[in-house]
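Q: I have a structure open here and I'm new to it. Can you walk me through it?

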Amino acid sequence: MKRRGGGGGAMIVAVVMTWMAVVGVGEGKALTCGSTFFSALVQLIPCRAAVAPFSPIPPSDACCNAIRTLGQPCLCALVNGPPISGVDRNMAMLLPDKCSAIFDPCEIMKK
């Protein structure tokens with residue numbers, strides 16, 4: 001039986017390794033995200049319109065509730081994680097202020 005595929009497994013490993021580095025798994029950091037990258041991303045679907053590049057749309061109540069529920073470590077992990085198509089990271093970092101969520105600012109990791 002021949003194996004088919006074009007490195008999809010390598011891509012998954014790369015995303016997982018990036019995620020682990022971003023959230024500080026195994027580094028003893030006090031604030032880490034308790035969700036997986038994809039789970040956190042799904043929770044923030046209501047925010048999609050508010051973080052689209054050049055979007056004038058304010059975050060919805062559902063978006064703000066998701067931001068508060070997810071918390072600062074997960075939001076920062078998403079902001080610092082792999083690129084997300086159609087998401088302006090700078091706009092995503094403004095969501096806590098727009099939603100009146102009291103979060104420390106995200107520390108932007110150098111890429």
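A: One term to start with: buried means under 20% relative accessible area, exposed means over 50%, and partly exposed is in between, with a 1.4 Å probe and protein chains only. This is a predicted model, where local features need pLDDT of at least 70, side-chain atom pairs count only at pLDDT 80 or more, and totals for chains, interfaces and linings use all residues. Residues are numbered from 1 along each chain as its sequence is written, and side-chain values use heavy atoms, with hydrogens and water left out.

Q: OK. Is Gln72 buried or exposed?
A: Gln72 has a relative accessible area of 15%, so it counts as buried.

Q: Where does Gln72 sit?
A: Gln72 is in helix 4, which covers residues 72–80. Helices (H or I, at least four residues) and strands (E, at least two) are DSSP runs, numbered from the N terminus.

Q: What lies 3.2 Å from a polar atom of its side chain?
A: The backbone oxygen of Asp104 is 3.2 Å from a polar atom of the Gln72 side chain. A polar contact is a pair of N or O atoms within 3.5 Å; within protein, one must be able to donate a hydrogen and the other to accept it, and residues adjacent in sequence count only if both atoms are side-chain atoms.

Q: How many residues of helix 4 are buried?
A: Eight of the nine, so helix 4 is largely enclosed by the rest of the structure. The buried ones are Gln72, Cys74, Leu75, Cys76, Ala77, Leu78, Val79 and Asn80.

Q: How do helix 4 and helix 5 cross?
A: Helix 5 is residues 89–98, and its axis comes within 10 Å of the axis of helix 4, crossing at roughly 170°. Axes are lines fitted to C-alpha atoms, for helices over the stretch in contact, and angles run from 0 to 180 degrees between N-to-C directions. The two helices are therefore roughly antiparallel. Angles over 145 degrees count as that, under 35 as roughly parallel, 65 to 115 as roughly perpendicular and the rest as oblique.

Q: Which residues meet there?
A: From helix 4, Leu75, Leu78, Val79 and Asn80; from helix 5, Arg89, Ala92, Met93 and Pro96. Contact means heavy atoms within 4.5 Å. By class, there are six nonpolar residues, one polar and one charged. Ala, Val, Leu, Ile, Met, Phe, Trp, Tyr, Cys and Pro count as nonpolar, Asp, Glu, Lys and Arg as charged, and the others, Gly among them, as polar.

Q: Switching topic: how many disulfides?
A: The count is four, taking a disulfide as a pair of cysteine sulfur atoms within 2.5 Å. Numbering the bonded cysteines in sequence order, the pairing is 1-5, 2-3, 4-7, 6-8.

Q: Which cysteine does Cys76 pair with?
A: Cys76 is joined to Cys106, S to S 2.1 Å.

Q: What are their relative accessible areas?
A: Cys47 has 2% and Cys63 has 0%, so Cys47 is buried and Cys63 is buried.
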